[in-house]
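This briefing goes through a protein model by topic. Keep the sequence and the structure open while reading.

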Amino acid sequence: MKRFVLILFLFAFVCFFSCKKDIESDKNDNRKGHKDWSYDGETSPEHWDEIFENSDCGGEHQSPINIVEAKTIKSETEFNSSKILYDKEIELKEVKNNGHTIEFDFDKGDSIHYINENYQLIQLHFHEPSEHTINGIRYPIEIHLVHKSTKNNLTVLSVLAKEGNESQLFEFFESFLPLKKGEYKVINKTIDLTTLFPVSKDYYSYSGSLTTPPCTENVNWVIFKQPIVISLDEVLRLKNTMPINNYRTEQPLNNRIVYINYENK
Ligand SMILES: [Zn+2]
């Protein structure tokens, strides 16, 4: 009997350690395999450079930033409203909730010409509240229009939105909401994106990064100075469909210059 108890005890002892090891290795695999990231908790922005070791997330030229207007330098315009070569009718492919934002994807996409290169519009998505701040002011919504060139260079146009009257374009965008995490809807409809931009095309520009992992650097940022106007309901509908505060915090400017580009020089 004593021998039986001893064997049982030994068995339990071995099992305890091997099971514990399994649980730990599962935990490690999870961290390596899924590469989850989020806007709060253990996978929030301050941990992205640890989770994504080979990414640019810990780099010197990251986005977003706070733009201090008094410190900007006037630039010769490389990009103005006439260079937004958006057609009146472009094909909107689908909308998805990727768990981080609401994203609209474009099939052929519209193009822009920026610093001697043509860029195709790939997708647009939203942040609530804004990621970039201007003179410390955080806007209710920031829209990112992500463009890629044939050389895989990236230019992001950023439109800030403040609360006021309803926007017809946002009513259209939000007619596909709510969308659950991982859910998408095929649209295949034409849309006029030229109405998305503010009346004044003055903009700030600087060299930064994607604001989500892998935080790739050498992204051209074009941030329109004048916010557009959308209604409180439109802000709330987006807010309720995206993770709370889906914005990355301000990154140090380091040795970068932010330019101000005036439409009418
Ligand atoms: Zn974004």
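Among contacts between residues at least 6 apart in sequence, 70% join residues at least 24 apart; two residues are in contact if their C-beta atoms, placed from the backbone, lie within 7 Å. The model is predicted: local features need pLDDT of at least 70, side-chain atom pairs count only at pLDDT 80 or more, and totals for chains, interfaces and linings use all residues. Residues are numbered from 1 along each chain as its sequence is written.

**Confidence and overall make-up**

- The average pLDDT (the predictor's confidence in each residue, from 0 to 100) is 88, and 85% of the residues score at least 70.
- In residues 13–32 the pLDDT is below 50, and this stretch has zero contacts in the model beyond near neighbours in sequence.
- The protein has four helices and 16 strands; these are DSSP runs numbered from the N terminus, helices being H or I of at least four residues and strands E of at least two.
- Of the 265 residues, 32% are buried. A residue is buried if 20 or more other C-beta atoms lie within 10 Å of its own, exposed if 12 or fewer, and partly exposed in between, with C-beta atoms placed from the backbone.

**Strand E5 and its partners**

- Strand E5 covers residues 102–106; Ile102, Phe104 and Phe106 form its covered face, while Glu103 and Asp105 form the uncovered one.
- E5 pairs antiparallel with strand E4 (residues 90–97) over five bridges; two strands pair if DSSP finds at least two bridges between them.
- Within this pairing, valine 95 has phenylalanine 104 as its bridge partner.
- Four residues separate E4 and E5 in a hairpin, and glycine 99 in the turn has a positive phi of about 90°.
- E5 also runs antiparallel to strand E7 (residues 117–127), joined by three bridges, and aspartate 105 stands opposite glutamine 123 there.

- E8 (residues 133–134) and E9 are antiparallel over two bridges, and threonine 133 has arginine 138 as its bridge partner.

**Helix H4**

- Glu234, Val235 and Leu238 are buried in helix H4 (residues 232–239).
- These residues lie on the same side of H4 because they cover an arc of only 100° around the axis, the arc being that of the directions from the helix axis to the C-beta atoms.
- The buried residues of H4 pack against several elements, including E5, E7 and helix H3 (168–174).

**Leucine 154**

- Leucine 154 lies in strand E11 and counts as partly exposed, because it has 19 C-beta neighbours inside 10 Å.
- Not counting residues up to four places away in sequence, leucine 154 touches Val146, His147, Lys148, Val219 and Asn220.

**Backbone exceptions**

- Most residues other than glycine have a negative phi, and most peptide bonds are trans.
- The peptide bond from glutamate 128 to proline 129 is cis, with omega near -5°; proline 129 is in the loop between E7 and E8.
- A cis bond also runs from leucine 177 to proline 178, with omega near 0°.
- Isoleucine 115 has a positive phi of about 45° although it is not a glycine, and it is exposed, with 12 other C-beta atoms within 10 Å.
- Asparagine 254, also not a glycine, has a positive phi of about 55°; asparagine 254 is exposed, with 10 other C-beta atoms within 10 Å.
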